[in-house]
Amino acid sequence: MPIKSRIRTIPHYPHQGIMFRDITTLLKDPIGLRVTIDEIVKRYAGQKIDKVAGVESRGFIIGTPVAYLLGKGFVPIRKKGKLPAETIGHDYELEYGADRIEIHVDAISKGDRILLIDDLIATGGTAEAATSLLRKMGGEIVECCFVIDLPEVGGRKRLEQHGVSVFSLCEFEGE
């Protein structure tokens, strides 16, 4: 069962000309959700991973069951001001402004091998910020895993230029 067939496309959201790839239709489908999680777990089973980190918010949905099935802890990477304890953050540029992601200062130990998960890679700005933040804390990125890659937008190449391995379950052409 190709998961790509379970992902809805919403034209012109959030801006004119954007083809938004919506995984909520994949998530609500019990077979689609199971195949998604199982394929990711199969890829990383047996690899040396200490923690799974997920980027807010859809990275939480995919990353948590992956961490559970791999027998690893899950670390949330959140938007500014959302975590209750002491945090460390990383500012980054978006297509239409700037943002900041944060992680608890005690979430990653030096030398931890981290699998970073999110739903989609487009420009790669958020993923690059997350990998920079994890590295700043002493973590080693095993790989960045995405459900969807939009290769024409260039995020995969951007991460690979920073020495980060990238994997995705499916690709969509265009934005």
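Here are some notes on the structure above, point by point.

1. **What kind of model this is.** This is a predicted model, in which local features need pLDDT of at least 70 and side-chain atom pairs count only at pLDDT 80 or more, while totals for chains, interfaces and linings use all residues. Residues are numbered from 1 along each chain as its sequence is written, and side-chain values use heavy atoms, with hydrogens and water left out.

2. **The sheet.** Seven strands form an open sheet with mixed pairing, in the order S5-S6-S4-S3-S7-S8-S9. Helices and strands here are DSSP runs numbered from the N terminus (H or I, at least four residues, for helices; E, at least two, for strands). Two strands are taken to pair if DSSP finds at least two bridges between them. Strand S5 (87-94) and strand S9 (166-171) stand at the edges with a single partner strand each, so one side of each is left without a neighbour in the sheet. From one strand to the next, the twist averages 20°. Angles run from 0 to 180 degrees between N-to-C directions, with axes fitted as lines to C-alpha atoms, for helices over the stretch in contact.

3. Strand S8 (residues 140-149) pairs with S9 in the parallel sense, over five bridges. Asp-149 has Glu-171 in S9 as its bridge partner. Helix H4 (residues 125-136) lies across S3, strand S4 (73-79), S5, strand S6 (97-104), strand S7 (113-121) and S8. This helix H4 runs at about 150° to S5; contact means heavy atoms within 4.5 Å.

4. **Backbone spots to look at.** Most residues other than glycine have a negative phi, and most peptide bonds are trans. In this model, the peptide bond from Tyr-13 to Pro-14 is cis, with omega near 0°. Pro-14 is found in the loop between strand S1 (8-11) and strand S2 (19-22). His-12 is also placed in the loop between S1 and S2, and its phi is positive, near 60°. With a relative accessible area of 43%, His-12 is partly exposed (buried means under 20% relative accessible area, exposed over 50%, partly exposed in between, with a 1.4 Å probe and protein chains only). A cis peptide bond also joins Glu-56 and Ser-57, with omega about -10°. Ser-57 lies in the loop between strand S3 (51-55) and helix H3 (58-70).

5. **Aromatic pairs.** How many aromatic pairs are there? The count comes to two, where rings of Phe, Tyr and Trp (its six-membered ring) pair if their centres lie within 6.5 Å, and planes under 30 degrees apart count as stacked, over 60 as edge-to-face and the rest as tilted. The rings of Tyr-13 and Phe-20 have centres 5.2 Å apart and planes at 85°, so this pair is edge-to-face. Tyr-13 is partly exposed at 46% relative accessible area, and Phe-20 is partly exposed at 23%. The rings of Phe-60 and Phe-74 are also edge-to-face, because their centres are 5.9 Å apart and their planes are at 80°. Phe-60 lies in helix H3 and Phe-74 in strand S4, so the pair ties together parts 14 residues apart in sequence. Phe-74 is partly exposed, with 25% relative accessibility.

6. **A charge over a ring.** Lys-4 lies over the face of Phe-172, at 4.9 Å from the ring centre. The rule asks for NZ of Lys or CZ of Arg within 6 Å of the ring centre and within 35 degrees of the ring normal.

7. **Salt bridges.** There are 14 salt bridges, each being a side-chain nitrogen of Lys or Arg within 4 Å of a carboxyl oxygen of Asp or Glu. One of them joins Asp-22 and Arg-8, whose closest N and O atoms are 2.7 Å apart. This pair links strand S2 and strand S1, with the two residues 14 residues apart. Asp-22 is buried at 9% relative accessible area, whereas Arg-8 is partly exposed at 39%.

8. **Further charged contacts.** Arg-78 forms a salt bridge with Glu-56, with the closest N and O atoms 3.0 Å apart. Here strand S4, which holds Arg-78, is linked to the loop between S3 and H3, which holds Glu-56, 22 residues apart. Glu-128 forms a salt bridge with Arg-158, the closest N and O atoms being 2.7 Å apart. Glu-128 lies in helix H4 and Arg-158 in helix H5 (residues 155-160), so parts 30 residues apart in sequence are tied together. Glu-128 is buried at 16%, and Arg-158 is partly exposed at 28%. Asp-91, Arg-100 and Glu-102 are linked in a salt-bridge network.
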